[in-house]
Amino acid sequence: MRDKPLTATLAAIALSLLWAFPSQAKLNVVASTPDLGSIAREVGGDRIEVTSLAKGTEDPHFVDAKPSFIRILNQADVLIEGGADLEVGWLPPLVLNARNPQIQLGLPGRIVAAEVIKLLEVPTGPIDRSLGDVHPFGNPHFTLDPVNGRLIARLLAERFCAIAPVDCQVFKTNLKQFEDTIDARLAVWQKQMAPLRGTKVVSYHKSYSYLAERFGLRVVNTIEPKPGIPPSASHVRDLVAQMKAEGVALILMEPNRERKTPAFLAQETGAKVVVVPSMVGGSKEAGDYLTLFDSIVKTVLEAADQRRP
Amino acid sequence: MHTRICACVCAALFVAAFGGWSQGFAKETAGSEIEDLKKQMTLMEEQLKQLRKKVEELEAKPSATKGPEPDQGKSEDTTEQRLRELERQVQQQRAASRGILAPFNPKISLNGLFTAAAFSDKNNLNLGDHDPRVNGFNVQNVELHLQGTVDPYFQMDANLVTFIEKGETKVELEEAYGTSLALPANLQLVAGQYFTRFGRHNRQHPHQWDFADQPVILGRLFGPDGLRGPGAQLSWLAPTPFYLELIASAQQAQGGIATSFLSQAGQTVRGYTLLDRPVQKPGDLLYMPRVVTSLDVTDEVTAALGGSTLFGPNASGPNNTTIIYGTDLYVKWKPVNHSQGFPFVAWQTEYLHRDYQAGPDTINAIPASRLKDYGLYSQLTYGFVYRWVAGFRVDYADSAGGAAAVPFLTTLAQRDLVGERWRLSPNITFYPSEFSKFRLQYNLDVAASRGREAIHGVFLQAEFNIGEHGAHSF
């Protein structure tokens, strides 16, 4: 009889401990963008919990540093960021206020995807802000090349293994599966996109440089005269002339951009406007990293078909 | 007790000295790494040059045979691939070298805020040192911001400000503080000189304001330059499913930057002359507890609510105290498909109340009194299209008590700090880029101290920002 309260107390403590650490077994992974979150899910499978901060429809440069993100980052075992200044406008104060020693720069819990990517458009000459909001480290929209997604997955598997060695074999198996799938799907995407190889396109922002490079599209100019600077009347006029002269077929734009200028350009030049999801969640069909490319390929091909006489 | 303090100081000095040595070692290591990188880059650039030359030679050479060699196309492809690979690597090295060198220097940015102002009365009602205050051109604020990581444990920020007052250039150390990076138990320490985290507006720098001038009630309670001072702040992020932060701060209560507290001897608060009252005991410091929470109402709407209290000594008497209460609310809507942060709607409101135990003033023989000062501002900003933001702000402030001291309010500036005042401020701001802005604002200002006759003000403000891309807090 005397032992009963003691047993009950111990049971209560054990239960509360179980309640307090329900996700101990799983790595708590926070990704700055849904693309990185989706790749992490592929590699981590059921051994990780993933939260993506930015929404797929958002402009990843201008995400609000919501206080709820501080709480999410405080609980993170791993933070995956794109790097190359993609999140420079909002992530640093969140990490500072999260008070989480595990996700500080240089530690295994902080993964910067750009570290394993060969960045395009790295400025080689002198740069300053007269060139717009130029990225000194290169173009940070690199997840739009599936091969880069593959490289990021490899980096994630390596880091997840270092942090949770007990699940390393699972991460390796998942990675192999993801790599095989990407390879197989890439072959299909490339075959589907082959007829468009060499097609000249204009993009709104420099969001599609990696996509174009992978599938052989030629981005001849951008609607923004410089990164982050909206189009002026003279730039649009020059662009119309250039698009006509070079026979630009498609105008690629993110779902969140204004539609007036691309529509005007399309009307003036006969090019077709294609709203291309730039991140996972950017369209209904782009539910994960693989379906993002299914959706992109389908959208671009449909637009190209419609343009053909 | 003294021995214990000495031991602590010695220990602290030792730790600081050891820290300095290890940083020196780190610098040496980093220096050699940079040298290696530079060598590697030079080598790669040399290889690149040679390869380019080879390709040019191959291209210039006429084909000896009628048709191409079976493997010629393949070998050219391979060379081209190698060339591209090398080009990329060199670019990467260049970018990496920037990345490696930069972190050892602090991130630097310089912000300039200038205004052309026109008031209907040259003795206008603007209170702040960084407000537009005179007809014609005003240098509101030129601020140098430095930020860097000190070591694995701290980050440091400093804001050095220069401005022009009555034709004289003044420089002030606005803020310089370290912030801990890795304290356990969800704690964070801030130490140095910093703006008190009371409410939302007090800690914002003039270039972060949504309006050209500071709210009336903040000017009345925190003085022309905002409430700040040397001190230490400890904050704790609660382990709740939602964001909840508790902040406790202790700061020096002296100087022109602690207007409602010890301030400066000889100054007056609502007619009461301030004594020379130095800090002698822990009770002479300025203390602030604050609680702030936030909720994502939907994916597109976020609200943040805070409550702060300040208590500390005031110099209108040897044992007098002041308490200030405040509550603040910020609600922002931004659609999930925004482009470059637009459109958005943000509503920010703060209410402040001061209870000032004044006197007796032995110089002017004014009996003791409880001075009450209270007021609020509420502002709405609407980013209606990319680069354009429209704003509207309402200010209201009033005071009670201290009737016996009213005859001693001898200057207009002293009388303007007492009694009812309200102000309406519509404005529109154009941002050519993230790094510059132009703002047009109109103020309709009505104060009991001016017989409730409206004073009009129009400001055209320009801001320029160079250097590091700063991050925006919510």
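**Exercise 1. Determine which residues lie nearest the centre of the largest cavity.**

Solution. Begin with the term: on a 1 Å grid over the protein atoms alone, a cavity is a set of points where a 1.4 Å probe fits but cannot get out, and lining residues have an atom within 4 Å of a point. By this rule the largest cavity is lined by 21 residues, and those nearest its centre are A:Pro60, A:Leu86, A:His141, A:Ser278 and A:Met279. Next comes the volume, which is the space filled by probe spheres set on the points, with grid points joined across faces, edges and corners; for the largest cavity it is about 220 Å³. The count of cavities of 30 Å³ or more comes to six.

Before going on, note that this is a predicted model, in which local features need pLDDT of at least 70 and side-chain atom pairs count only at pLDDT 80 or more, while totals for chains, interfaces and linings use all residues. Residues are numbered from 1 along each chain as its sequence is written, chains are lettered from A and ligands numbered from 1 in the order in which they are written, and side-chain values use heavy atoms, with hydrogens and water left out.

**Exercise 2. Describe the lining of the second largest pocket.**

Solution. A pocket is an open set of grid points with protein on both sides within 12 Å along at least five of seven lines. The second largest pocket has a volume of about 1,400 Å³. It is lined by 46 residues, and B:Leu127, B:Asp129, B:Arg133, B:Pro224 and B:Ala413 are the closest to its centre.

**Exercise 3. Decide whether A:His135 is buried or exposed, and list what it touches.**

Solution. First locate the residue: A:His135 sits in the loop between strand S4 (110-112) and helix H5 (146-163) of chain A. Buried means under 20% relative accessible area, exposed over 50%, and partly exposed in between, with a 1.4 Å probe and protein chains only. A:His135 counts as buried because its relative accessibility is 15%. Contact means heavy atoms within 4.5 Å, and, leaving aside residues up to four places away in sequence, A:His135 touches A:His61, A:Ala84, A:Asp85, A:Pro123 and A:Pro140.

**Exercise 4. Find where the backbone has cis peptide bonds or a positive phi in a residue other than glycine.**

Solution. Start from the general rule that most residues other than glycine have a negative phi, and most peptide bonds are trans. In chain B, a cis peptide bond with omega of about -5° joins B:Phe342 and B:Pro343, and the bond from B:Gly359 to B:Pro360 is also cis, with omega near 5°. B:Pro343 lies in the loop between strand S12 (321-333) and strand S13 (344-358) of chain B, whereas B:Pro360 is in the loop between S13 and strand S14 (369-385). Turning to phi, A:Glu121 has a positive value near 55° and B:Arg452 one near 60°. A:Glu121 counts as partly exposed because its relative accessibility is 37%, and B:Arg452 counts as partly exposed because its relative accessibility is 47%.

Notes: Helices (H or I, at least four residues) and strands (E, at least two) are DSSP runs, numbered from the N terminus.
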